[in-house]
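Hi,

Here is the structure I promised to pass along. My notes on the ligand and the pockets follow below it.

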Amino acid sequence: MSTHAARFRSRNYWNCAAAVFQEWLREPTQVASVVPSSPVLLNQIVDRDCIKTASSIIDLGPGTGGTTEAILDRANDTCRVLAIEKTEGFIEPLRSIDDARLTIEHGDVIELERILLAHDVRSPDVILSGIPFSSLSPDAAASIMQSIHRVLASDGTFIAYQLRNDVARYAEKHFGTPESTEMVWLNIPPLTIYTWRKNGPY
Ligand SMILES: C[S@@+](CC[C@H](N)C(=O)[O-])C[C@H]1O[C@@H](n2cnc3c(N)ncnc32)[C@H](O)[C@@H]1O
């Protein structure tokens with residue numbers, strides 16, 4: 001059993017925080033944050049009708065699973081949640097979330113369309129992203145955004161929580177102006193939550 005597996009038999013904030021810090025030391029630009037997202041940020045992300053009514057939700061860059069657990073807490077009983085995480089050290093913590101609605105994929109979001117096909121997930125209602133668009137190459141960021149827009153349900157919602165506003169630049173081409181932009185100060189670091197609706201009024 002790996003150290004993570006042993007450590008994550010019981011999930012708690014400090015175990016998750018230790019794993020995030022350890023992986024951040026290894027891959028700072030990929031992990032992009034030194035601690036998991038705060039409860040204030042998580043509540044602001046998931047306290048929405050689109051999460052409660054969704055049939056399928058994709059969590060891009062779930063880390064140790066804070067966003068994933070928050071989604072599962074609000075989502076309905078039949079909602080499928082697919083979490084796609086690139087950092088290997090976060091996979092055991094994610095697998096310790098015991099919920100039949102959840103599927104974990106150890107992979108790179110650049111392969112979003114292939115991953116959704118492999119899991120038979122079509123037209124997700126919500127895509128949530130914490131992956132650091134500012135640290136991706138422009139080609140990778142543009143390609144991921146195109147895939148997000150392509151796979152999302154026609155009235156689906158795309159939510160991104162980010163330190164910098166590069167995500168808005170990439171999203172604008174496909175989604176237009178965000179439906180909302182909210183600053184969350186009670187998080188390390190303070191982040192902005194951007195929300196777009198595909199084919200929305202904006
Ligand atoms: C800012 S953290 C968010 C973690 C967690 N969702 C939270 O809110 O605490 C960004 C996450 O995206 C993951 N990530 C970065 N690039 C990725 C990629 N190309 N594919 C999948 N995951 C990626 C990182 O490993 C990290 O877990």
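Which elements each supply at least two residues of the lining of the largest pocket? They are helix 3, helix 6 (66-74), strand 2, helix 9 (138-151) and strand 5 (157-162), with helices (H or I, at least four residues) and strands (E, at least two) taken as DSSP runs numbered from the N terminus. Helix 3 gives the largest share, four residues.

Please note that this is a predicted model, where local features need pLDDT of at least 70, side-chain atom pairs count only at pLDDT 80 or more, and totals for chains, interfaces and linings use all residues. Residues are numbered from 1 along each chain as its sequence is written, and side-chain values use heavy atoms, leaving out hydrogens and water.

A pocket here is an open set of points on a 1 Å grid over the protein atoms alone, where a 1.4 Å probe fits, with protein on both sides within 12 Å along at least five of seven lines; lining residues have an atom within 4 Å of a point. The largest pocket has a volume of about 950 Å³, the space filled by probe spheres set on the points, which are joined across faces, edges and corners. Its lining has 46 residues, with Gln30, Val31, Ala32, Gly130 and Pro132 nearest the centre.

As for polar contacts (N or O pairs within 3.5 Å), a ligand oxygen is 2.5 Å from a side-chain N or O atom of Glu85. A ligand nitrogen is 2.9 Å from a polar backbone atom of Gly61, and a ligand nitrogen is 3.3 Å from one of Pro62.

Best wishes

Methods
Polar contact = N/O pair within 3.5 Å; in protein donor to acceptor, adjacent residues only side chain to side chain.
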